[in-house]
Each structure stands twice: as C-alpha cells, then as structure tokens.
Amino acid sequence: MIEVRRLEPRDVEEASTVLYDAFAAVYRRRGHTPPFPNVESAVWLCRAYLDLDPEGCALASEHGTIEGVGFAHLRGGVASIGPLAARPGASAGVGRALMTHFHRLAEHAASVRLFQDSFNPDSFGLYTRLGYRVVDVAPYLVAARLAPPRTRPTAVRPRGAPDVEPIGRYDLARTGADRGRDLALLAATGRGFVVERGDALAGYLFYRVLPARIIVGPALAESAELLAELVDAVSDALPDRPAVIRASAGVPLVLERAFERGFRVDHLGNLMAKGPYAPPPAQLYALFPESL
C-alpha cells in the first residue's frame, strides 16, 4: 500500500535522490537536459521548499521505501503543485497518491495549477484524468549567450526595495495568487526591473544570476510590448551570459523578442489548471518558486 506523509528534514537526502533520478530518466529518455544537474541541486530545492512551504512538502512510500516526492504551494485562492516525481520503476499509483494528498491540502483553493512537460505522456494522462485542462503552452527557452538589444530600453528601470510591496499588490491583482512570500524571496536573492505608465506600475521582471546561468522570471506586464522591453533590459544588463526562461505561447511578440536576444526553444510544457484560470495580459512563468 502506498502511504503519503509530510516530508521532514530527515528525509531530504533520500527524497532528493528520487527527485533527481526521476527527472533525469524522463528527460534523457527523450533527449533533453535534466533540470537538476546533480543531486545537490535537488537537495537545495527540497530544503528551500521546506523553508518556504513546509506544509506542502510530501513523500510517498511503499514498504518503508520512499517512492515519490512532491510539493504544493498554497497561495490564497490559488494553489499550484510541482515538481512531482516517482522513483524510476516505482509501483503504479505513486503520482496519483501524491496528487490525492495535495488535492485534500488545497481543498479550499478555487483554482489549482501545475506545469506538465509535453514530452511526458504519462503525466499528461494522469493530470487529464484528474480533471486538469491545458490553459497555456509554456516553451522552455535557453540561450547560450544573451544578445543585447541595439538600443537600451528607456522605459525600464532597476527594481528597488520600495517596489517590492507595490509589485506584490500588482501581482495579486493580475494572477489571483497571493505570492507575497515568493516575491519577497526573489527580491532578497535576485535582481529585477520595473516599468511604469505615469505613476502606476505596469510591469515587473525578476531574475537570479547563478554560476551556470541566469534564471529569468517570473514577470508580468500590462502588454506584450512592455514585457518585451523587460526582456531586453535583462539582455542589456548581462550580455553574453547563458540564461533560461519559462515563457508563454500566449504572447508571441515576447517569444520573438526572446529569439532576437539569443533564446531558442529547448522543449515545450503545458500549464494545466483545475478550476478557473484568467491569464494576465503578458507573463513569464517562475521556475522557482513554482507558484503559479
């Protein structure tokens, strides 16, 4: 029998191995680079989520062996789930058991959202049977070297500490998710830009500079044109650096601008939702924290 319980600090090492092995197997089988370059990066993620969302960290076990791990993020009326992983060769039903647990945890959320890698038919089938539908295609973009724009975007300025609270209000109004804790973490550990119309905030973008690459996103804006300017600003600030974005196919202009800045599509993902979903005018999704 598969049992699901809360992930505890003592479980991190074994749970991280399951997370790393599961994604490595699925991605490599289909010719893609796994999202976790090593087990240590999976350990970091598990510990980060234990700090950020301790109630949403869970593992599935069978006969005393950890067979699956997953994370849920409760943000007011919106909840998101992910990442979710089952040990290669695990018994059927591990993913469903974790999803059942997370659905109970998120029973008061009007909308539940998750990302699904489009090259993984098994997870797509599971989520569809559980009532999820595709609401957006989310291309995963990679750039070996950012190409700066010919002219520096003049409407964009660096984000400052006083911008964090207005960004939180703006984000809640546009997404319906209370992501204040996520935005505070991003502000403390990364950098960003904002764009305004008159005296009103009209868009923001966060990015984190890691040794291996720049993580671009999340970002929101009142129009595709403004979001494209924010993408230009990152490329102008950090030319020739490798970077990744989880974009939205719903804003083709932003994709075109990203291609001009050196990005290419590595693979496609699906944003799936159960319950209402109203997309903001233009957005880039978060890779971490995976709150949607």
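**Ground rules.** I worked from a predicted model, in which local features need pLDDT of at least 70 and side-chain atom pairs count only at pLDDT 80 or more, while totals for chains, interfaces and linings use all residues. Residues are numbered from 1 along each chain as its sequence is written, and side-chain values use heavy atoms, with hydrogens and water left out.

**Salt bridges.** I looked up the salt bridges, each being a side-chain nitrogen of Lys or Arg within 4 Å of a carboxyl oxygen of Asp or Glu, and the structure holds 19 of them. I began with R169 and E165, whose side chains meet at 3.1 Å, N to O. The two residues are 4 apart in helix α5 (residues 164–175), which means that about one helical turn separates them; helices here are DSSP runs of H or I with at least four residues, strands are runs of E with at least two, and both are numbered from the N terminus. I noted that both R169 and E165 are exposed, where exposed means over 50% relative accessible area, buried under 20%, and partly exposed in between, with a 1.4 Å probe and protein chains only.

I then turned to D232 and R261, which form a salt bridge with their closest N and O atoms 2.9 Å apart. D232 lies in helix α7 (residues 224–237) and R261 in the loop between α8 (252–260) and β12, so this pair ties together parts that are 29 residues apart in sequence. Both D232 and R261 are buried, and for R261 the relative accessible area is 9%. R261 also forms a salt bridge with E260, at 3.9 Å between the closest N and O atoms. Elsewhere I found a network of salt bridges that links D53, R75, R181 and D182.

Leaving aside neighbours within four places in sequence, R208 is in contact (heavy atoms within 4.5 Å) with residues including W44, R213, F288 and T189. T189 belongs to helix α6 (residues 180–189) and is partly exposed at 43% relative accessibility.

**S291.** I looked up S291 in the segment after β13 (282–284) and found it buried, with a relative accessible area of 2%. Its side chain joins that of D182 in a polar contact of 2.8 Å, a term for a pair of N or O atoms within 3.5 Å of which, within protein, one must be able to donate a hydrogen and the other to accept it, residues adjacent in sequence counting only if both atoms are side-chain atoms. Not counting residues up to four places away in sequence, S291 touches H73, R75, S80, R179, D182 and A286.

**Helix α4.** In α4 (residues 121–129) the buried residues are S123, G125, L126 and Y127, and what covers them includes β4 (78–86), α3 (94–105), β5 (111–117) and β12. At the start of α4, a side-chain oxygen of N120 comes within 3.2 Å of the backbone nitrogen of D122, and just after the helix G131 takes a positive phi of about 100°.

**Backbone angles.** I recorded a cis peptide bond from G82 to P83, with omega near -5°, and P83 lies in strand β4. Another cis peptide bond joins F288 and P289, where omega is about -10°. H63, which is not a glycine, has a positive phi of about 55°; H63 lies in the loop between β2 (57–62) and β3 (65–75) and is exposed at 74% relative accessibility. D240 also has a positive phi, near 70°, and sits in the loop between α7 and β11 (243–246).
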